[in-house]
Every structure is written in C-alpha cells, then in structure tokens.
Amino acid sequence: DVFISHNWSTRQSLKYIALVFHFNKRAAMVAASVAALTSFALTCLGTLPDDMVVADFEMHLHRHNFACLISGTIAFFVTLFGWHRLVHVLGWQKTTVFLDKTCVCQTDDALKRRGIEKLPAFLFHSRHMLVLYSDVYLEKLWTMYEIATYLLLTPSGRLMVEPVCLPAFTLSFFFVTVVGRIVSIIVRTSITEHHFSPEQQGHGELTVAMNAAITWPYLLVIVIVVRRWCAEQDNLRSRLMEFGVDRARCLAEADRRIVEHDIATFTRQSGLAAPRASQKEALRSFDTFIQQEVPKVLRISLGRLGIRYSDALIICGTFFLSSLGWVAQMIIEGVNARRVWAAALGNIGLYFTTCPLYVVVLPLVLMRVCSKLRGIVACLAVLAVSIVCTAACAAAAASCMLLVCHAGTSDTAVVALVLYILAHGAVTYAVFRPLPPWVHGKGMTDGHSRRETRSESSMSSATASSDASFDVEVPPVRGGTILCPCTVVGRTENV
C-alpha cells in the first residue's frame, strides 16, 4: 500500500512519531470526539460530578468539571499510539508498507545489490509513497532516487510528505495546551473570586483582556515554530534548485556507484534522457527533473500553507474539548434551549473556522512576510506578530461570543452568527483547499500513466529493461500482500 521513504540518519523517535501521526491521527481524532461527547452526555445527565467552581470566558462563576477535556485528551493519545496494535489484535485489514531496512538485506552484499536493483518494482506496485521529510532528506542520493522513480513510474499515484518535526510539535503543543487550559481556568477563577466584584464579572473589556493575556503565551510559541518552518520551506526550495547527483550524499559511499548506475539506466528508460546518452548526460537530466518537478510535488503534498487542515484542528483541539464542558454546564444550569444551541453553534464555528485562521494561518502569513529578517529585528517581529495574532484571535472570539449571548433573544443575532461562521468557513476553505494534482507530460515510456491492475492472488512479472542490472521483477504475492525476503531471520516475512 505505502512505500516509506526516509533517511537513516534522522532520529528514530521523530520518525516513529511521524508514522503514528500519519497513519493513526484520524482514528485518534474520532476517538477523542467520541470520548468527549460521551463525557458531555454523562455530565448533562448528572452522572459525572461537577463540584469545582470555576470562571468561564465571561468571568462568571459556575460549577464545572474537566471531564470532556481530560477524557478526550486521554482517548486521543491512547488511540494515536495504540490504534495499529488494536487493528492487529482484532485482525482487521492492515496497511502494508515497504520499509527498506526490513525489505532489503543489510548483511549480505549480493542480496543487498539484488534488493537495490528491484527497488523500482516495489515503487511501481505501491499505491502511495510516504516521505518522512527532514532537513537532510533532499541532500541524500537514495531518497531523491526513490522519489524521482516513484513520480516517473506512477504519475497517477499519491505522494504524501510528513515533515518529522511538525507531528512532534503538534502533539507536544496539544498536550501543553491541555495542561495550560486547566491551569489557566484555575488562575482565572482565583482572579475572579478575589479581584472581581459581582458587578465586574462579565464586563466586556476585562473579559477580553484576561482571555488575551491567557492566550498570548501559546501564540508566541506557535509564532516561533512557524518562523522556523517558514525558513525550512525556503531552504527546501533552494536546496532543490541546487541539487546535483555529484553533490548528494550516501550513507554508505560504497553504494554510490550502484545508485548512480541505476539512476542513469532508469533515466534513459523513462525518456528523460536519450536512449544512448552517456551516464554523465543521464545524471544531468535526472538533476533537471529533480530541480523542476519535485518542488511542485512537495508543495502539492504540503498544501498552500505548508500545514494541513487536520493538523491545524489538532493544534486547536483543546478549545473544542473544553468548550463541550461549558455547553454541558449551560444545560445543567437550565439556560434556555435557544441560547444553548447558539453556544454550541458558536463553539463549533470557532473550532473549525476561526481558530485555524487566527491561530495557524495568520501567524504563517505574517511570518512568511518577515522570514528574511535576522537578529534583533527578527525577535521584535516575532513578538509583534504574536501580539497581533493574540489581539485578532481575542477580538474574533469576543465577537462570536457576543453574538451567542444575544442569539438567545434576537433573531438578528442568530442570522449574524450564521453569517459570521459561513464567512470564516469560506476563508478557511480558500486557504486550506487542496492544490491541483501533479501532472508530468512524459510519464512512462509506453505512454501509460496508470499502473497495471493488481491481482489479489498473483502478479505477473514485468521487465522494464533489457539491461540485466535493472530488471523490474515483481515479488511474489500471497493473499494480496507483497512478501519480501528478510534474510536476517532466514525466512519470508510479511511486511
């Protein structure tokens, strides 16, 4: 199903987190939502205790619990790191992957050479390719050979890029914001109880100022990370434009001759170079393909902003989980149904549209403008951007909450709330909508861009070259799963 392309020199822990994040994050988001909604229902029914007195966003004191926030967070992380094991135990259909360290022999040089020669066969029969991108990915000859081969052999396939640094940050930030949310609510409660008179509670300016002060440290962290990611994207483009086979590095320099020979042979067969081109000319054509086409493919996979919408939702996930608790509290206190529905609609709109825009998109756009700044000027720019984003986020949230407050008695406020959500939703879709798929005019030498139909029980062998050293032979298949010889343990293993 998936061909995993990675660098061996990248930290194992980062790659593991990136893999579980890529394959399990949807299941984790569903599990978190189910757990939080279950806690929401139990709270509304009075099953779960609500004996803590806390202050809400309007500085009003209420009896409350953190059941939705805590249960959703636990379900998210347990599912994220355990979903694949549950799938294995239950015997559900699993995703099969190709991982070079387990599918290519690392102890026998002759078998290793054969595995390298058959690498295009695995790429050809992989539905998707997953790139675990790191700062050294584009500097390695192996990885660039894999990505170019996949694009030429399967132009209709899907290439997915998962930067190893972003999942680690996203999960760390999500966990920190959960803890920070609980601490901030307790601090806000203490301030409200000891420093706010009953007449001041719910006062507009004080409420907005307090919430902005609580939000600013989180946005400062996001702006700092976003600045580094913008710089990495700029470096990505510059490194690709300067790519050259002769300058690319190999983990084992003894493999360079093998890889360069295979690149030259494959480049001639794919039509990037003339059939009788010398190895030097073929490698130059390969360099040109990398410089011109790979930047387009990476940009399509990373999206318009370099961060996917699902990742933005996880970054803002604390707001969704905690807002369920407040809505449940409104139901318990007997707030009129119209106000409750308005609050639910407003919180949904804030989570799915407003939060991604002001917490992720706005910092990305502003820091991209300031990406060339250095030194003290860059530090001041980071501080200014974090303040601007905090002010924008606080103002947007306050506007939505104001509409929610009036929606209980005013039809105009209900209409305005719906229009507010639709407007932010339209902007969110515009910035996160996927880019058109990559199209390369040459494709395969036979003119076909579609892979051969797979068989669940067997695959016929295919030969892509008369050159014996580049024979694309399809490995045997049992039960629809490609089996790769794992010579380290001396038997065929199901990868």
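Reading contacts and helices in a predicted model

Author: Lysine 101 sits over the face of tryptophan 8, 5.3 Å from the ring centre. A charge counts as over a ring if NZ of Lys or CZ of Arg is within 6 Å of the ring centre and within 35 degrees of the ring normal. This is a predicted model, in which local features need pLDDT of at least 70 and side-chain atom pairs count only at pLDDT 80 or more, while totals for chains, interfaces and linings use all residues. Residues are numbered from 1 along each chain as its sequence is written, and side-chain values use heavy atoms, with hydrogens and water left out.

Reader: How many salt bridges does the structure hold?

Author: Side chains of opposite charge can pair when their charged atoms come close. The rule asks for a side-chain nitrogen of Lys or Arg within 4 Å of a carboxyl oxygen of Asp or Glu. The structure holds eight such salt bridges. One of them joins arginine 127 and aspartate 1 at 2.5 Å, N to O. Arginine 127 is in the loop between helix 5 (119–124) and strand 5 (128–133), and aspartate 1 is in the segment before strand 1 (2–5), 126 residues apart. Helices (H or I, at least four residues) and strands (E, at least two) are DSSP runs, numbered from the N terminus.

Reader: Which parts does the salt bridge of aspartate 411 and arginine 338 tie together?

Author: That salt bridge has an N to O distance of 2.3 Å. Aspartate 411 belongs to helix 15 (residues 411–432) and arginine 338 to helix 13 (residues 337–369), so the pair ties together parts 73 residues apart in sequence.

Reader: How far apart in helix 8 are aspartate 234 and arginine 237?

Author: An α-helix has 3.6 residues a turn, so residues three or four places apart point the same way. Aspartate 234 and arginine 237 are three residues apart in helix 8 (residues 204–241), separated by about one helical turn. Their side chains meet in a salt bridge of 2.6 Å, N to O.

Reader: Is aspartate 411 buried or exposed?

Author: Buried means under 20% relative accessible area, exposed over 50%, and partly exposed in between (1.4 Å probe, protein chains only). Aspartate 411 is exposed, at 55%, whereas arginine 338 is partly exposed, at 34%.

Reader: How are the rings of tyrosine 351 and phenylalanine 352 arranged?

Author: A pair of aromatic rings is described by the distance of the centres and the angle of the planes. Rings of Phe, Tyr and Trp (its six-membered ring) pair if their centres lie within 6.5 Å; planes under 30 degrees apart are stacked, over 60 edge-to-face, and the rest tilted. The count by this rule is 16 aromatic pairs. For tyrosine 351 and phenylalanine 352 the centres are 4.7 Å apart and the planes at 70°, so the pair is edge-to-face. Tyrosine 351 is buried, at 7% relative accessible area, but phenylalanine 352 is partly exposed, at 35%. Elsewhere, Phe76, Phe77, Phe174 and Phe175 form one aromatic cluster.

Reader: What span should helix 6 have?

Author: The expected span is 1.5 Å times one less than the number of residues. For the 13 residues of helix 6 (residues 141–153) this gives 18 Å, and the end C-alpha atoms are 18 Å apart, which agrees. Helix 6 is mostly covered, with 13 of its 13 residues buried.
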